[in-house]
Amino acid sequence: MVEQPPTVMVIDDDPGVRDSLGMLLRSAGFRVSLFGSVSEFCAAYLPEGPTCLVLDVRLPGQSGLELQRELAGAKRRLPIIFITGHGDIPMSVQAMKGGAIEFLTKPFREQDLLEAIQLGHARDRAQLEQEQAMAGLRARFETLTPREREVMAFVVTGRLNKQIAADFGVSEITIKVHRGQVMRKMQASSLPDLARMADQLQLTPTKPHNPGRVA
């Protein structure tokens, strides 16, 4: 997803503004999707790759600020650049508190918009990379057996193999084998690396399941 070309989605009810923005953004090398209302936008598919939203504040039906609040609770939070011909300070403050990249009053400088879009894409790219990394981490964790997951949780606390073996009621060599499997399957380069993964997974040690039984 991260390698996909960046996309700009524009919501503005003025056809002339939409067309001029479409020409500008395509000339800058972006993929562009144009919408005249929030309902049109919501009916469309969210593109893969870095994406940001250029959003008019005042729209027929649902407003831009209302859409911002709605998107704030979505799984993927799109970076938003607001544009408006009727902006005021309370409105801009509300938009920026909601996490907007920029709040531009029409007519605005093209360069200001393009710079805000670059920042929006950078933020979305970072978010996508983080999501992909977490998905890969969870996938590797799923390859561990239940016993290996338990061992991982204890290993990252700094407990020695012999201490973990005593906790589980198994031999120290068994714990060494499990530990090696955990390091290999999780693709961890070191114990601190494995501890960082455990922290990301919010993994905490629990009472060993079926002590003495090798899984």
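This is a predicted model: local features need pLDDT of at least 70, side-chain atom pairs count only at pLDDT 80 or more; totals for chains, interfaces and linings use all residues.
# Briefing: helix faces, a central strand pairing and pockets

The buried residues of helix 9 are D193, L194, M197 and A198. These four cover an arc of only 140° around the axis, which places them on the same side of helix 9.

**Helices with a buried side**

- Helix 7 spans residues 161-168, and its buried residues are N161, I164, A165 and F168.
- Viewed down the axis of helix 7, these buried residues lie within an arc of 105°, so they line one face of the helix.
- K162 and A166, on the other side of helix 7, are exposed.

- Strand 4 comprises residues 80-84 and is mostly covered, with five of its five residues buried.
- In a regular strand the side chains alternate between the two faces of the sheet.
- In strand 4, I80, F82 and T84 point one way, while I81 and I83 point the other way. Both sets are buried.
- Strand 3, residues 51-56, pairs with strand 4 in the parallel sense over four bridges.
- Strand 5, residues 102-105, also pairs with strand 4 in the parallel sense, again over four bridges.
- F82 has a partner in each of these pairings: it is the bridge partner of L55, and it stands opposite F103 in strand 5.

**The largest pocket**

- Rolling a probe the size of a water molecule over the atoms shows where empty space is left.
- The largest pocket has a volume of about 210 Å³.
- Its lining consists of 14 residues, of which R77, L78, P79, G98 and G99 are the closest to its centre.
- Helix 3 (64-72) and helix 5 (110-142) each contribute at least two residues to the lining of the largest pocket.
- By class, the lining of the largest pocket is made up of seven nonpolar, four polar and three charged residues.

**The second largest pocket**

- The second largest pocket has a volume of about 180 Å³.
- Of the 11 residues that line the second largest pocket, F41, C42, A44, L46 and L71 are the closest to its centre.
- Helix 2 and helix 3 are the elements that give two or more residues to the lining of the second largest pocket.
- The lining of the second largest pocket divides into nine nonpolar and two charged residues, with no polar residue.

**Backbone features**

- Most residues other than glycine have a negative phi, and most peptide bonds are trans.
- The peptide bond from K106 to P107 is cis, with omega near -10°. P107 is placed in the loop between strand 5 and helix 5.
- Q187 has a phi near 55°, a positive value in a residue other than glycine. Q187 is located in the loop between helix 8 (172-186) and helix 9 (191-200).
- Q187 counts as exposed because its relative accessibility is 57%, and the cut-off for exposed is over 50%.
- Q202, in the segment after helix 9, likewise has a positive phi near 55° and is a residue other than glycine.
- The relative accessibility of Q202 is 68%, so this residue also counts as exposed.

- S37 lies in the loop between strand 2 (31-35) and helix 2 (38-43).
- With a relative accessible area of 11%, S37 is buried, since buried means under 20%.
- The side chain of S37 makes a polar contact with the side chain of S39, at 2.9 Å.
- A139 is found in helix 5. Its relative accessible area is 45%, so A139 is partly exposed, a class that lies between the buried limit of 20% and the exposed limit of 50%.
- A139 and D112 are 27 residues apart in sequence, and their C-alpha atoms are 41 Å apart in space.

Key: Residues are numbered from 1 along each chain as its sequence is written. Side-chain values use heavy atoms; hydrogens and water are left out. Buried means under 20% relative accessible area, exposed over 50%, partly exposed in between (1.4 Å probe, protein chains only). Two strands pair if DSSP finds at least two bridges between them. A polar contact is a pair of N or O atoms within 3.5 Å; within protein, one must be able to donate a hydrogen and the other to accept it, and residues adjacent in sequence count only if both atoms are side-chain atoms. On a 1 Å grid over the protein atoms alone, a cavity is a set of points where a 1.4 Å probe fits but cannot get out, and a pocket is an open set with protein on both sides within 12 Å along at least five of seven lines; lining residues have an atom within 4 Å of a point. Grid points are joined across faces, edges and corners, and a volume is the space filled by probe spheres set on the points. Ala, Val, Leu, Ile, Met, Phe, Trp, Tyr, Cys and Pro count as nonpolar, Asp, Glu, Lys and Arg as charged, and the others, Gly among them, as polar. The arc is that of the directions from the helix axis to the C-beta atoms.
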